[in-house]
Every structure is written in C-alpha cells, then in structure tokens.
Amino acid sequence: PDNVRVSYGTAGFRGNASGMEYVFFRMGMLAALRSKLKEAAIGVMVTASHNPEHDNGVKLIDPQGEMLAQSWESLATALANVTNDQLIEQLKQIIDSQKIPLSNTSFSFYCKRLQVSNEVVCNKTTFANASAFGATCHDHGLLTTPQLHYILACYNGGDIKVDEEHYYQNYASAFKALLNVVSLCKLNPVTSPVTVDCANGVGAAKLTKLAERIGANIIDIVVYNDGQSGKLNENCGADYVKVQQRAPAGLNMEPFHRYASFDGDADRLIYYTLDSDCNFILLDGDKIAALFATYIRDNLKKVNIEKNSVSASINLRLGIIQTAYANGNSTNFLINQQNIEIACTPTGVKYLHEKALTFDIGVYFEANGHGTVSFSLFYLKRLQKGESAFDPNKSAEERFAAKKLKLFLDIINQTVGDAMCDLLAVEAILQDKNWSVKEWYRIYTELPNRQAKVQVADRRIIETGDAERKVILPSMLQPAIDELVRKYPSGRSFVRPSGTEDVVRVYAEANTQENADDLAQQVSLAVYNIGG
C-alpha cells in the first residue's frame, strides 16, 4: 500500500488483517531464503498474539526455536516496505549480501493461530510463496506459538518425527515425574482446581489436551474463555488482566482460588486471585520469576554443586533478567533479601533471552507474563550424567534436591515463553512447597502501579536509553517526568514507544494506588503535550 510503512519488531509484523496480505507474501519467501542459508528448517508463525481479533501478524523462528536473528529484522523490514517493482531487486540484494546458496534445500515449518478475519488468505499466501521459492513446507495447522518453537527446535535437533503429540507427552511426563519424586500425588492430592482464562484463543484446546495427558487426578484445570462464544482477546486474556488489574469479563471469582490467564497465542501467563476482602490480587511475571528463581536457588543450595563439583573452580551463576516494567519491590526482594543477581534489558523477550544466556541458569520474565528459564548445556549435562549432583557419596537430601531440580527444568520450554509449561512449573512449585496462592503472594508486597497508553502524532519521536528507563528525546520530557516523580513517595515512572501499537506506553508506581494512578495520569499528560 502507498504511504504505509511496517517494521519487524520483537513480535514480528502486526496490523489490521485486511492490509497484511502483501507482508505474508514476502515473509514466506524470506523464510525460504533463511532456511537455505542456515541449512535448517525455519518457522513461520501466523499470529497477532494479544492484539484484537481483527489484527493479524507474522514472525519467523530460527532453527533452535529462538527468535529471528536481529540482523535479519532489518532485512525483513526492507523487504516488506519496497514497492512491487522493486521486490525482485530487493530479494537479489538479500541473496547477495547474505551470500545465500540458492541451490541449498530449504524447509519451512508453518502454523497459525485461531480466529482472524482473513486468516485463510494470509495462511495460503505465506505457504504458497515459501513453496514458490523452493521450500518444502510443513503445515502444522493450529498451534500455540510456543508449540511451534518447540517442534522446530526438536526437528532441527534430529527428531524429524516430532509433532504436537510429542509436545504433550514430553511435558506431561516431566510434570508427573516431578510430582512423583516429591510424593505429592499420594501425600497431598490435588484438592483445588486452577481456572485458566485462555483468551478465546488457540490455547484453550491445547491446554485441554495437555491436561488430559496428565490426568485430572494429578492436576485439575478448568478452562475458561475457550473460544466457543467470546471474541479473541476481548475483555480477557493476560494483557487485559495485567493492564486493567481486573478479572476477565464474566468470571465470578472466589477469595484465594487460583486463577490464571493466557494471551491469544499462549506465550504469556499471569496468575491472580481475591483476598479475604475481595480485593483483586495480581501475580504477574515478576511474581512468577521470583517463585522460579527462589525455588531453583533453594535446591541449588541443597545440591551444593560448587562445593562438591569435580570442577570446583566453576562458580555457577543464577540470574534474573527484568525490564523497566518490573515492580520496584520485586527487584529489592530479589537483590536484598534473596541475594540473587539482577540484570535489566530493554522491553522485548529477544533482549531478555539474549541476556539470560550469559548466566548458567537465567530466569527471565516480563511483567506481562512472557518468560521462561534458560540453562546452559554444560550444567544440564552435569545433572543428567550425575557428574556431581547424583554422586552416591552425597546425602539423600542433596540427591533429592538434584533430582527435583533436573525434573523441574524438564518442565520448562526454554526456547520461548510458554504459558502452558509455565503454568505446570508454577503448579509444581506450589505443590512441592504445599503453598496456596496466599503464601506465594506474600513473598513480597508489590508497590501499587498503573500502566497507560498515550496517542501521539508519531511515537517514533520518543527515544529512550538506560534499558528504556530514561527518555533521551524529546529532551524536555525526562526532566518533566523527574519533576513529577519527586512529588510522590516511592514514585517511579518511565515511558517508551510501543513496539506493537501506534502509542506511547506509560508506567508509574508509588506508595498508594491513588498516587500511582495520579502519577500515571500526570506523566501521560506530559507525554501528550511534549510529544505532540
């Protein structure tokens, strides 16, 4: 379309489905080219994630299930924005600049999300043009985004028969094995269900299948917003619950019952409940990260790998990666009370994932609930082979902790944030600790916070630095924010241009909800006035 420019970001391309066909056309070809270069299958995911039902999107997945290399994001953007008469020349430039051997065989793994207005057109377009460029395409139908990441990584790792059922069996077996190790299935049988809002998306049917493989006698999952009546992501889902800090529409909550929400393609997870006075309590990505990290750290202490290791000089590093959206009290809790190393990156899981890989075990979550755990191959092999963790000279407690830790990591889909795997991991920890959602919530008290969106003439005029915690341009904006923050006890606020919507996002926190709301409003006004 004339006068339209799209950009490949962390979430790939997204926009109104009626205008996306040409983008799908070109990304099918780009996937085929990248496959020829990498000599491995490339994933093509058709999804708009947490966006409204009328939107659609497409993103490419690299061979090990990781997001598309950042160096190729600019190639994708350039290819999507050239005019039709420039398309062939642009493709030639990509081939030449990347030294792509066109004679190589290429493969494309492809799947789609549920419900979008012109889904059939976009799917056929992507599929057909990958094929036209010489790719052998495998259509995996309806999958969650994390399922495609997982299947792709397994396939390129040598398991060419991997499919959706393989995913269910793998994670169901790991979950059951962990619960068996701690004898929870016998000593503490499941007595309370967890209700999961699946945002009327593809995750509803997939979660049902996973729960069936585990068994209702082990975990009782109640699926809500299964897509039979409501619209995708409309007044429901992880993004809605996180931003609005309220339950999905129509959900009648009970105090201290466990509730969770996925987003439309099931790569985000947040929990929530009500307290005894029926106040809404949110357990977002920060609380999930803290739960995971402390559980891993506690078992590592019992295993005591560093002290007993054959390679005693190796200092295993556990770290949590956060963004500016992380609640201030979560950061204080992890650093000052738990002595866990913290790193901060710009918003976008590609940045968190990259930083997590610098740790032996890296726990990363955005506050919106998108995250996972990465762990080094070296460390995993030590657990699996029993180099030190299963040394028969160790105590029963050490061997027990090592086995639990190994099985916990088996539950994790470390290729990408996976709402279903993260749900199992949370449930396993709560059962192991014999905690209710109340005990989990009380590990630290969050500062009240508020998120907002501001419409401006051009969100690109906002430039940030210091992992998006400070505004660089316009130069007048950061001093204005600093002046506002000083007026509120425990105040903190930052703004950043959205990577998925044509808005500027505002985050604020303070000592009370009233002050957090007021600070967000005042900062939003500053963005509106200074940002045009």
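Which strands does helix α9 lie across, and at about what angle does α9 run to β8? In this predicted model, α9 (residues 237-244) lies across β6 (194-197), β8, β9 and β10, and its direction is at about 115 degrees to that of β8.

These strands belong to an open sheet of five strands with mixed pairing, in the order β7-β6-β8-β9-β10. Because β7 (221-224) and β10 (280-283) each have a single partner strand, they stand at the edges, and one side of each is left without a neighbour in the sheet. On average, neighbouring strands of this sheet are turned by 25 degrees against each other, direction ignored. Within the sheet, β8 (residues 258-262) and β9 (residues 269-274) pair in the antiparallel sense over four bridges. A260 stands opposite Y271 in β9.

The buried residues of α19 are A516, L519, A520, V523, S524, A526 and V527. They cover an arc of only 160 degrees around the axis, and therefore lie on the same side of α19. On the other side, E514, Y528 and N529 are exposed.

| Element | Residues |
|---|---|
| β15 | 449-454 |
| α18 | 477-485 |
| β18 | 492-497 |
| β19 | 504-509 |

Just after α19, G532 takes a positive phi of about 80 degrees.

Terms used
Residues are numbered from 1 along each chain as its sequence is written. This is a predicted model: local features need pLDDT of at least 70, side-chain atom pairs count only at pLDDT 80 or more; totals for chains, interfaces and linings use all residues. Side-chain values use heavy atoms; hydrogens and water are left out. Buried means under 20% relative accessible area, exposed over 50%, partly exposed in between (1.4 Å probe, protein chains only). Helices (H or I, at least four residues) and strands (E, at least two) are DSSP runs, numbered from the N terminus. The arc is that of the directions from the helix axis to the C-beta atoms. Contact means heavy atoms within 4.5 Å. Two strands pair if DSSP finds at least two bridges between them. Axes are lines fitted to C-alpha atoms, for helices over the stretch in contact, and angles run from 0 to 180 degrees between N-to-C directions.
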